Amino acid sequence: MTVSVAFQGERGAFSEAAAIKYFGDGVKPMPLPYFEEVFAAVHDGKCTYGIVPIENSLAGSIHRNYDLLVRHNLHIVGEVNLRIVHCLIVNPGVTLKDIERVYSHPQALAQCEGSIVQLGAKPFPTYDTAGAVRFIKEHTINDGAAIASRQAAVDWEMDVLQEGMEDWGENLTRFLVLAAKEEVPKSDAKTSIVFAMKDVPGALFKALSVFALRDINLTKIESRPLRGQPWQYLFYLDFEGTMAEERCQRAIGHLGEITSYLRQLGSYSVATE
């Protein structure tokens, strides 16, 4: 059975590469313009899974997708880490000295900031890396370039002037795999949750202590504004373990007693690379 996976962007986007890495070459990718549409496609049953970037080792978290995790009733069922190699892509015949503008997704531009400065070019944000390649091709832009994957250059029959535009070699993006139903992890796993607390002294300390008391390792914590309640926050937290473990059940039970909102986003196998 072919697995259909929704992702944000054009064919050749890094999200498509992450889907292929996770599911294999037999996957059926479904490119969509916006992250919101990826979540909706999974929720509505138009595809089996969705895959979205959640954080990058250079540019940090993708806040939009943290917000969408709360807005949609989906489950995180997997994660994959992808080494990101950015290429400077141009229309055939364009040279480095011709480039005055560089187009790409804001995250990619941030990851390549130093290289863009060295080019003496101005960054122009677009909705997608591969979409930037499509844009400069369809508009015949000969004084600009796109930053995207080598595969995007192949797909759109464009030239690669430079490879490795990222400012640091260890450029990794972590992607989450989303599904409408929970799945049981098949190997070492982690769990993601989101919660909110009353604005009282020591609230966050008390929340984190429920894990420390049970020797549960936390791997990620992120805060986002709580809409409609100025200066109040949602906390996203990843920890090692699953809800099948008694210590994790007790920790979440304890956390539920001191939070005003608590939701489990999913337990899933830890990325191996």
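This note goes through the predicted model point by point, from its sheets to its cores, aromatic pairs and cysteines.

1. Ground rules. Residues are numbered from 1 along each chain as its sequence is written, and side-chain values use heavy atoms, with hydrogens and water left out. The model is predicted, so local features need pLDDT of at least 70 and side-chain atom pairs count only at pLDDT 80 or more, while totals for chains, interfaces and linings use all residues.

2. Helices (H or I, at least four residues) and strands (E, at least two) are DSSP runs, numbered from the N terminus. Two strands pair if DSSP finds at least two bridges between them. Angles here run from 0 to 180 degrees between N-to-C directions, and axes are lines fitted to C-alpha atoms, for helices over the stretch in contact.

3. Strand β12 (residues 189–196) pairs with β15 over eight antiparallel bridges; Ala196 has Tyr261 of β15 as its bridge partner. Between β12 and β14 there are seven bridges, again antiparallel, and Lys190 stands opposite Glu240 in β14. Strands β13 and β14 run antiparallel and are joined by seven bridges, where Ser223 has Phe235 of β14 as its partner. Buried means under 20% relative accessible area, exposed over 50%, and partly exposed in between (1.4 Å probe, protein chains only). By that rule β14 is mostly covered, with six of its eight residues buried.

4. The five-stranded sheet. A further open sheet has the order β8-β7-β9-β6-β10, and its pairing is mixed. The edge strands are β8 (122–125) and β10 (159–163), each of which pairs on one side only. Here the twist averages 30° from one strand to the next. Strand β6 (residues 87–90) pairs with β10 in the antiparallel sense over four bridges, and Leu88 stands opposite Gln162 in β10. Helix α6 packs on this sheet, touching β6, β7 (101–104) and β9 (144–148), and its direction makes about 155° with that of β9. Contact means heavy atoms within 4.5 Å.

5. Strand β9. Why is β9 largely enclosed by the rest of the structure? Five of its five residues are buried. Gly144, Ala146 and Ala148 lie on one side, Ala145 and Ile147 on the other, and both faces are covered. The pairing of β9 with β6 is antiparallel over three bridges, and Leu88 has Ile147 of β9 as its bridge partner. With β7, β9 pairs in the parallel sense over three bridges; Arg101 stands opposite Gly144.

6. The nonpolar cores. A nonpolar core is a set of buried Ala, Val, Leu, Ile, Met, Phe, Trp, Tyr and Cys residues joined through side-chain atoms within 4.5 Å. The largest has 30 residues, of which Ile51, Ile89, Val133 and Phe175 touch the most other members. Helix α6 (residues 129–138) gives the most to this core, with four residues. Apart from it lies another core of 24 residues, including Val38, Ile54, Ile76 and Leu176. Leaving out residues up to four places away in sequence, Phe175 touches Phe14, Ala18 and Ile51, among others. In helix α1 (residues 14–23), the buried residues include Phe14 and Ala18. After α1 comes Gly24, with a positive phi near 100°.

7. Aromatic pairs. Rings of Phe, Tyr and Trp (its six-membered ring) pair if their centres lie within 6.5 Å; planes under 30 degrees apart count as stacked, over 60 as edge-to-face and the rest as tilted. The structure holds seven such pairs. One of them, Tyr66 with Tyr236, is edge-to-face, at 4.8 Å centre to centre and 65° between the planes. It links distant parts of the chain, 170 residues apart: Tyr66 is in helix α3 (residues 63–71) and Tyr236 in strand β14 (residues 233–240). Both tyrosines, Tyr66 and Tyr236, are buried. Separately, Tyr22, Phe23 and Tyr49 form one aromatic cluster.

8. Cysteines. How many disulfides does a search of the whole structure find? It finds zero, a disulfide being a pair of cysteine sulfur atoms within 2.5 Å. For Cys112, the closest cysteine sulfur is in Cys87 at 9.6 Å, which is too far for a bond. Cys112 counts as buried because its relative accessibility is 0%. Cys248 is buried too, with a relative accessible area of 0%.
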